[in-house]
Amino acid sequence: MKKVYELDFRGRKLIVEHGELAKQAHGSILVRYGDTVILSTVVVSKTANVLSDFFPLMVLYQEKLYSVGKIPGGFIKREGRPTEAATLAARMIDRPMRPLFPENFRNEVQIVNTVLSVDPDNSPEMAAMFGSSLATCISKVPFDGPIAGVKVGRVNGQFVINPTVEEAEQSDIDLTVAGTKNAINMVEAGAKEVSEADMLEALMFGHEAIKELVAFEEKIIAEIGEEKMAYEVLEITDELRQEVSSLCATDLDKALRIKDKLEKYNTIDEIKERVVAKYEEENSELEEDALTELITKVKLVLEDIEYNLFRAIVVKEKVRADGRAMTEIRPLSTDIDLLPRTHGSALFTRGETQSLSVTTLGALGEHQILDGLDLETEKRFMLHYNFPQFSVGETGRYGSPGRREIGHGALGERALAQVIPSEDVFPYTIRVVSEILESNGSSSQASICAGCMSLMAAGVPIKAPVAGIAMGLITYGDDYTILTDIQGMEDHLGDMDFKVAGTREGICALQMDIKIKGITREILEKALAQAKVARMEVLDVMQKQIAEPRPEVSEYAPKTMTFMIPPDKIKEVIGKGGEMITKIILECSHVDAVNDANAVKVDLEDDGRVIIYHTNKEIIEATANRIKDIVREPEENKIYTGKVVKILSDKGCFVELWPGCEGMVHIGQLAMERVAKVEDVVKEGDEIIVKCMGYDSKGRLNLSRKEAIK
């Protein structure tokens, strides 16, 4: 039986439908938010792998191009692998939901959001997050929700929930915040150098709206929610916990105090391997399944012991994994121009985390084309993040970027995009690539720092330098500690990864993930204040290496010239089938093909803007002069020097004033005296002076030699 629920949410209708679609899924909700329509479903497996050490949750956000009236590009003409936007949307839903499933729940759960219709003014991502939470809550899947999320903007000093496209363009904050009715548990934001105080207020403003959505969900859950399923768990006795602890707790406590990362990790691994080997040897008579279960339990107990010891050391003793103070940043070092032929390169090292970032400049025509649901169809600034396994001393998978690489790259791109100059000021496509060469936590923030320095080294006139820092949170009982510049173990065993990037003036990007159910305003405020102090320290070090952007781009980067032509002349510059522009490129570049690496690049914009790129300024100037000649209009009564290009013996001759501009000198206008044959006065190839007499009624340009030599 179909049921419909409706909420007037901040002046817009949010409608939930249940009972008509996807009825075989364990939970199914259709969300209508304006003209945006999302089908959210959840399915759970019947059995669990209780011996697994992770919860197999999959969240999908499936973009259907029919939702915005598009046919997919390419030859196949159907949706393929997820776009980066779809991957980021799925991550955004996963992050606030994952911490709220039971810790020992191991049944596979799949949450699928199918985007059926998109109204750009009503966020499909936020509708999908709402639908994912509600579909899970009404199903039999155990989940400590509901959660919800909203976007927050600020227009003319006023906060706005889920801003429209027009409002978003005017906003200086692009914040996505999610959480329960009690606390925030996920943040993703870009901002135009916004203060910490203003960002905190935006977070709290968003949480008030989240409470309204959660209350709406609770009303629906109370009416149609199912009883939660029973699920199998791996029971571990107190006796086994005490026994394993007696074998290794003291040694693990000592190992956790070792400062060097590799020595610490190797020592911890050796202790765990020793304990596991003891249990394998003493229980070798057990059947294979029974022995596997026992060893799994031992490994889980070892993880718990390490987890609790680590947290007690940090919170109670105020001792960090590498001996630093709670607000102390690891040693920093920087370098630039490591790679001589790239347009800009920089190395940023923070402790045992290292990013080599490289900037490449290209023509505006080399922008990224986006085949997705957004109104935006192209992107001229990109940051790509690569995390090879050797950076952590391990072997592993190599292939296309995973969700983590895409997410970290998007965060870095969002931070640096706030200071990238407009294409009017700097008409280039800009790509930054961060190669992580070594990692012990906070590699995304190292990418921002290295990427910023590589931009300045490349001569990109950014508005201000940007640095990033990652904050952590460790709770132990009712006590907690906020850590500055967390490393790998503090991230893995901690409760929060809160990344803050910005300039000296304010915040440019935020990202927060937590493993607990939520955090308070007090913790957010302290973390933001602590991060600001650290950011200034990092900026000091970066600006000692390179204080400001270089005034010129690299000798290997394309130089540029920009000028305007009348828009109605663009077709003349291009020529029939591109014949004219191809001729200009080949002749000015002295190459045989337009795709030659040494060919000049010419971008012709609809507004009449011409942008020319080449490493050789002489080639740029020659190309510009050829284009200007085509669009130049001859001035009536002005005298020009032209070249005779064609002779009509009894009628006159054609004279080229400049390439693309020819006029007719009638035989009677060749000389002061009467002329019987044109050849008696001029021949092809002669340069003569002529006076422009204007255009006739048929639009033909008339020239006169007689008037010019009077």
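Is aspartate 337 buried, partly exposed or exposed? Aspartate 337 has a relative accessible area of 40% and is therefore partly exposed. The model described here is predicted.

## Overall dimensions

The protein contains 15 helices and 29 strands. Its radius of gyration is 33 Å, whereas the globule rule gives 27 Å for 710 residues, so the protein is more spread out than a compact globule. Along the principal axes, the C-alpha atoms fill a box of roughly 125 × 60 × 55 Å.

Of the 710 residues, 52% count as buried. When contacts between residues at least 6 apart in sequence are considered, 69% of them join residues at least 24 apart.

## Helix α1 against helix α2

Helix α1 covers residues 84–97 and helix α2 covers residues 124–138. The two pack at an angle of about 40 degrees, and their axes are 10 Å apart. The crossing of α1 past α2 is right-handed.

On the α1 side, the contact involves Ala89, Met92, Ile93, Pro96 and Met97. On the α2 side, the residues are Glu125, Met126, Ala128, Met129, Ser132, Ser133 and Thr136. By class, this contact of α1 with α2 comprises 8 nonpolar, 3 polar and 1 charged residues.

## Helix α1 against helix α8

Helix α8 (residues 403–417) also packs with α1, at an angle of about 95 degrees and with the axes 10 Å apart. That angle makes α1 roughly perpendicular to α8, because the class runs from 65 to 115 degrees. From α1, the contact draws on Glu84, Thr87, Leu88, Ala90 and Arg91. From α8, Arg403, Arg404, Ile406, Gly407 and Ala410 take part. The contact of α1 with α8 has 4 nonpolar, 2 polar and 4 charged residues.

## Two serines

Serine 132 is in helix α2. Its relative accessible area is 0%, so serine 132 is buried. Apart from neighbours within four places in sequence, serine 132 is in contact with Ser40, Ile93, Met97, Ile111 and Asn113. Of these partners, Ile93 and Met97 are among the α1 residues that meet α2.

Serine 391 is located in the loop between β16 (381–386) and α8. With 4% relative accessibility, serine 391 counts as buried because the cut-off is under 20%. Residues up to four places away in sequence aside, serine 391 touches Ile436, Leu437, Glu438 and Ser439. Serine 132 and serine 391 are 259 residues apart along the chain, and their C-alpha atoms are separated by 35 Å.

## Contacts from two strands

Threonine 475 belongs to strand β18, which covers residues 467–476. Leaving out residues up to four places away in sequence, threonine 475 touches Arg311, Val315, Tyr480 and Asp495. In sequence, threonine 475 and arginine 311 are 164 residues apart, while their C-alpha to C-alpha distance is 7.0 Å.

Leucine 332 is in strand β11 (residues 332–336). The relative accessible area of leucine 332 is 24%, which means that it is partly exposed. Not counting residues up to four places away in sequence, leucine 332 touches Phe348, Thr349, Arg350, Val538 and Val541. Leucine 332 and aspartate 304 are 28 residues apart along the chain, with their C-alpha atoms separated by 33 Å.

## Backbone features

Glycine 145 and proline 146 are joined by a cis peptide bond, with omega at about 5 degrees. Proline 146 is in the loop between α2 and β7 (148–155).

Positive phi values occur at glutamate 193, near 55 degrees, and at aspartate 337, near 60 degrees. Each of these is a residue other than glycine. Glutamate 193 is part of strand β10 (residues 184–194), and its relative accessibility of 28% makes it partly exposed. Aspartate 337 lies in the loop between β11 and β12 (344–350).

Methods:
Residues are numbered from 1 along each chain as its sequence is written. This is a predicted model: local features need pLDDT of at least 70, side-chain atom pairs count only at pLDDT 80 or more; totals for chains, interfaces and linings use all residues. Side-chain values use heavy atoms; hydrogens and water are left out. Axes are lines fitted to C-alpha atoms, for helices over the stretch in contact, and angles run from 0 to 180 degrees between N-to-C directions. Helices (H or I, at least four residues) and strands (E, at least two) are DSSP runs, numbered from the N terminus. A crossing is left-handed if the near helix is turned anticlockwise from the far one by less than a right angle, and right-handed if clockwise. Contact means heavy atoms within 4.5 Å. Ala, Val, Leu, Ile, Met, Phe, Trp, Tyr, Cys and Pro count as nonpolar, Asp, Glu, Lys and Arg as charged, and the others, Gly among them, as polar. The radius of gyration is taken over C-alpha atoms; the globule rule is 2.2 Å times the number of residues to the power 0.38. Buried means under 20% relative accessible area, exposed over 50%, partly exposed in between (1.4 Å probe, protein chains only). Angles under 35 degrees count as roughly parallel, over 145 as roughly antiparallel, 65 to 115 as roughly perpendicular and the rest as oblique.
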